[in-house]
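Dear colleague,

Please find the structure below. My notes on it follow.

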Amino acid sequence: MKLDDSFLTLFPEEDKVYEVLLSTKSNFTPIGVRRQGRVLKFRIFEGRSFRDLEECNYAIIQVVDDTELLAGLAYNLDVKFDVTQGIKVPIRRIEGYPWVEGEVKCRIVKVKDSIGESIAKDCTLTPIYIGIEKRVPRPISRADNVLLELAVLGTRLIVKKKRGLQIKDVAQKIEELYELYRKLGGKSEIAGKIMDILRKHYL
Ligand SMILES: Cc1cc2nc3c(=O)[nH]c(=O)nc-3n(C[C@H](O)[C@H](O)[C@H](O)COP(=O)(O)O)c2cc1C
């Protein structure tokens with residue numbers, strides 16, 4: 001398949017936010033990306049990946065259907081996976097998932113939202129190489145979807161707490177989502193560990 005065809009296969013809908021894995025010089029982290037034409041756009045807040053992109057403007061974005069892996073990496077939990085080197089860029093990727101190697105250009109932006117004022121980078125990844133891996137897809141699970149939402153809210157709660165902002169509402173939402181996750185049969189150890197981390201912030 002040609003680069004363009006593979007790219008459209010991986011990210012079929014323009015502007016829809018897809019949750020993917022970003023690999024930079026020294027870090028793996030989940031991010032939301034949107035395809036716009038032949039590039040991927042994302043916003044990264046201050047942290048390790050943000051700093052990595054200052055030192056090296058190559059990255060790999062992977063389509064991963066394992067919510068626990070994505071959520072676990074956001075909380076730096078000890079999740080197990082095999083890594084291998086990219087083909088055209090000096091960046092590692094996780095084995096077994098399709099990947100897009102690319103060059104990243106970013107500009108610094110000031111963002112004002114419900115978690116206060118932050119510095120972020122608005123980035124554009126232009127694909128250089130795409131690798132397709134065929135694997136049996138995981139069935140769609142509401143429990144996984146709920147865990148993804150909980151994990152995102154949790155990262156916001158942590159920032160709010162650090163900034164001394166009110167976290168009662170988001171903490172309540174997180175508890176509701178965890179209850180729903182459990183009702184839907186979710187019982188992963190990673191979800192439990194994420195809840196332990198989050199509850200330390202608000203209990
Ligand atoms: C599903 C999911 C999507 C996320 N998307 C983003 C994103 O688009 N941009 C961002 O800055 N952080 C995002 N986060 C939060 C980061 O993963 C989290 O803050 C992480 O620790 C980033 O810090 P690091 O670069 O130091 O690893 C997301 C978290 C989850 C669970």
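How many residue pairs are in polar contact between domain 1 and domain 2? The count is six, with both residues at pLDDT 80 or more; a polar contact is a pair of N or O atoms within 3.5 Å, where one must be able to donate a hydrogen and the other to accept it, and residues adjacent in sequence count only if both atoms are side-chain atoms. Helix H3 (67-74) and strand S8 (116-131) are the elements that give two or more residues to the side of domain 1 that touches domain 2. H3 gives the most, six residues.

This is a predicted model, in which local features need pLDDT of at least 70, side-chain atom pairs need 80 or more, and totals for chains, interfaces and linings use all residues. Residues are numbered from 1 along each chain as its sequence is written, and side-chain values use heavy atoms, without hydrogens and water.

The domain assignment (automatic or from a database) gives domain 1 as 3-131 and domain 2 as 142-202. In contact (heavy atoms within 4.5 Å) are 16 residues of domain 1 and 20 residues of domain 2.

One salt bridge is counted between the two domains, the term meaning a side-chain nitrogen of Lys or Arg within 4 Å of a carboxyl oxygen of Asp or Glu. Asp-113 and Arg-156 form a salt bridge, with their closest N and O atoms 3.9 Å apart.

Strands and helices are DSSP runs, numbered from the N terminus (strands E, at least two residues; helices H or I, at least four). Strands pair if DSSP finds at least two bridges between them. S1 (residues 17-23) and S2 (residues 28-36) run antiparallel, joined by seven bridges.

Regards
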